[in-house]
Amino acid sequence: MNSVSKGSDMANSYLSDETITRCESGSKEEKVKLSKDVTSAWSDIDTFAAAIRSGKTSWEEISPDDMDIRLKWAGLLHRRKRTPGKFMMRLKVPNGIVTSEQMRFYGESVEGFEEDVGVVDITTRQNIQLRGVTVEAASTIIAGLHALNQTSFHSALDNVRNIVGSPLAGISPTEILNTIPLTTKINDMLIRSPDGTFGNPRFANLPRKFNIALSGGDDDFSHCNINDLGFHACKSSEGELGFNLDVGGYMSIKRVAESVPLNLWVPEESVVKICESVLTVFRDEGERKNRQKARLMWLIEEYGVEKFTERILEEAGGKEEGGFKDRQEHVIRENYVRQEILGVHAQDEERSRVGLHIPTGRLTRYSCKAIADLADKYSDGEIRLTVCQNIILPNVSNSDLIALEADVNLIDNVDFSAGLIEGNVVSCTGAQFCGLAMVETKANARRVSARLEELVTVPKAVRMHWTGCPNSCGQAQCGDIGLMGAPARKEIDGKKVAVPGVNIFVGGKIGENPFLQLEPRIKGVPLDGEEVVDVLAEILVKDFGAVRR
C-alpha cells in the first residue's frame, strides 16, 4: 500500500460555502470534483489496481470521471486518444534533483511496457514523466516512489505543478541564493500531510493548475516570467537574502501572459508563507466556471496589481509580520554573461559540473540505468534536471573527466557534447502521445536540427522550441526560434492538399530582460521534407549570424 495520509480532511472541506456555490454552477471539472472528492484518487488507485489484477474489472469499466479526471490527482493522465488504457505518469521532482536510485527506478518502472511506449521524459518543468503506465502497474510504481521519498501525487490538473529552481543551485559562483532548500520546503508544504505522509488536501482543489519557479541568480534558468509565482533572487538594501516577486505568467491555447512585477520583496524565510497566501486567495476567489479564465493573471487583473498585493499581504498576516519590503533594486552583475549549462564547467579547483545533452529530453529504460550508473561513479549519485530537458552531473572530479566522456559516448540518447543547434532543442510530447498535438514534435525536432547542423554553422547557441499545439507546452514563444504545430498546405501532384505544418516564431528571450514573442513570423510551413529546413536555415542566416557550409 502507498504511504498516503489517512486523515479525514478532504480537498472540498477547505472550500468556503461561497466557493462551493460557485463550483456547483461551474465547469464540468468543478462538478466532478464536487461529486466525489479528488483526494479519493490517492487510495482509489490501489483499489482499481487490485480489482484489475484479480480479474474483477478492467480499465474500460472504471468511470471516465475517475479514469480521465480524478486519477490526475495521483499523477495519472490517461492518454485515451493515442494509447487507450495507458497513462502518462507525472512525478514531483522539486528543483529537478534526482538520485541515482530514483533514476534507476524510473527505467525499471517502464520495463514491463512496449519499448516504443514505455519511455521516460524530462520536461520543461525540470520534471519526470513515465509513459505507458497501466492502472495495475501504477499502484506498484507509486509505492516504489514513496519508498524513495518521491511521489506523483498533486502533479496534474488543478494542482501546483513541479516547483522549479536553479539547476546550478549551490554550485554556481555567481548565485545570490541556493534555491534547493526552498523548493523542497514549498513542495513539502503542498504535498505532505501533517503526519509527513504523501497527500495534503489543503490546496488540492484549485481553480486550475499553478506554477511556481525560483531563480537563484541573474541567469534565471527557471524562466520565472512564465510562472504564476516567479521569485527572482535579490538582496535587500540591508543585505538580507530574498526575492523580488513577479506574478501571473502562463501559457495556454487562448492566451499567453508574461508575469507582472509586484512592489514586493520577500525575505527567504517568508517564501513559503507568501506561497500559502497567494494559493489561499487563488483557491477561494479564482474563476470556477470559465476554465480559460481560471488562471491567476485573471484574478490579478480583476483586483489590480496594487490591490492584489494588499490582499495577499493581508492573508499573510501583514507586511511587517512577514518581514516583507517594497521591491528592492537589483543591479545585474558587471560584465554579465549568462552561464552555459551543457559542457564541462569548473566548480572549484578540483571539481567540475558536466552538462549532458538528452535529445528532446527522451530517455529509455536503458539510458535511465546508464545515467544512474554514471552518477554513482562520477557525481556522488546526484543528477540534476534542467528546464531545457538536459541533465547535469555535479561534483565531478577533474581527474575523471576523460573517463566520464568515454563512458557517456557508449550510451545511446546521451551526448557528452552537441552542436549549438542540436544541443539547444526543446520539445513537447507531440502527437506520438498527446491527443491535442497537431504534429509529431520530438522526431521532427531531432531530424530538422540534425539537418540544420549539416547546412549551417552558428556563432552561438540557438534555442529552438517545438510545441505541437497552441497550448505551448514546448514554450515556443520563449525560444530564439519557436515552432508550433499548425495547418499547412502543400502542392502534391499538382493539387494543394492539407499537410502537417508549423507556425514559426522568432526572437523570444530568457534570462535577464525576458521577452515572449507572441506573433509568428511565418505561418503554415509544411513540416515534412526540406521546406521547413530551408526556411529555418534562412532565419538562422538572417537573424542569428549563421554561415552556410
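Rings of Phe, Tyr and Trp (its six-membered ring) are said to pair if their centres lie within 6.5 Å; planes under 30 degrees apart count as stacked, over 60 as edge-to-face and the rest as tilted. The model is predicted, so local features need pLDDT of at least 70 and side-chain atom pairs count only at pLDDT 80 or more, whereas totals for chains, interfaces and linings use all residues. Residues are numbered from 1 along each chain as its sequence is written, and side-chain values use heavy atoms, with hydrogens and water left out.

**The whole protein**

Begin with everything displayed. The protein has 14 helices and 23 strands; these are DSSP runs, numbered from the N terminus, of at least four residues for helices (H or I) and at least two for strands (E). Along the principal axes, the C-alpha atoms fill a box of roughly 65 × 65 × 55 Å. Of the 549 residues, 59% count as buried, where buried means under 20% relative accessible area, exposed over 50%, and partly exposed in between (1.4 Å probe, protein chains only).

**Aromatic pairs**

A search of the whole structure finds four aromatic pairs. Select Trp-42 and Phe-153: the ring centres are 5.7 Å apart and the planes stand at 15°, so this pair is stacked. Trp-42 belongs to helix H3 (residues 41-53) and Phe-153 to the loop between helix H6 (135-147) and helix H7 (180-191), so the pair ties together parts that are 111 residues apart in sequence. Trp-42 counts as buried because its relative accessibility is 3%; Phe-153, at 0%, counts as buried also.

Next select Phe-210 and Phe-282. Their ring centres lie 5.4 Å apart with the planes at 50°, so the pair is tilted. Phe-210 is in the loop between H7 and E6 and Phe-282 is in helix H8 (residues 271-285), so parts that are 72 residues apart in sequence are tied together. Both Phe-210 and Phe-282 are buried.

**An open sheet**

Now display strands E6, E7, E8 and E11. They form an open sheet of four strands in the order E6-E7-E8-E11, with mixed pairing. Strand E6 (212-215) and strand E11 (260-267) stand at the edges with a single partner strand each, so one side of each is left without a neighbour in the sheet. Two strands pair if DSSP finds at least two bridges between them. Strand E8 (residues 242-247) and E11 pair in the antiparallel sense over five bridges; within this pairing, Phe-243 has Val-266 in E11 as its bridge partner.

**A strand with two covered faces**

Move to strand E19 (residues 464-467). Which residues lie on each side of E19? Met-464 and Trp-466 are on one side, His-465 and Thr-467 are on the other, and all are buried. Strand E17 (residues 425-427) pairs with E19 in the parallel sense over three bridges, and Val-426 has His-465 as its bridge partner. E19 also pairs with strand E20 (residues 481-492) in the parallel sense, over four bridges; here Trp-466 stands opposite Leu-483 in E20.

**The annotated spans**

Finally, colour residues 158-317 and 424-540, which the unreviewed UniProt entry annotates as "domain: Nitrite/sulphite reductase 4Fe-4S". UniProt positions are given in the numbering used here, feature names are shortened, and annotations may be inferred rather than shown by experiment. Residues 158-317 are 29% helix and 17% strand, with end C-alpha atoms 26 Å apart. Residues 424-540 are 21% helix and 32% strand, with end C-alpha atoms 14 Å apart.
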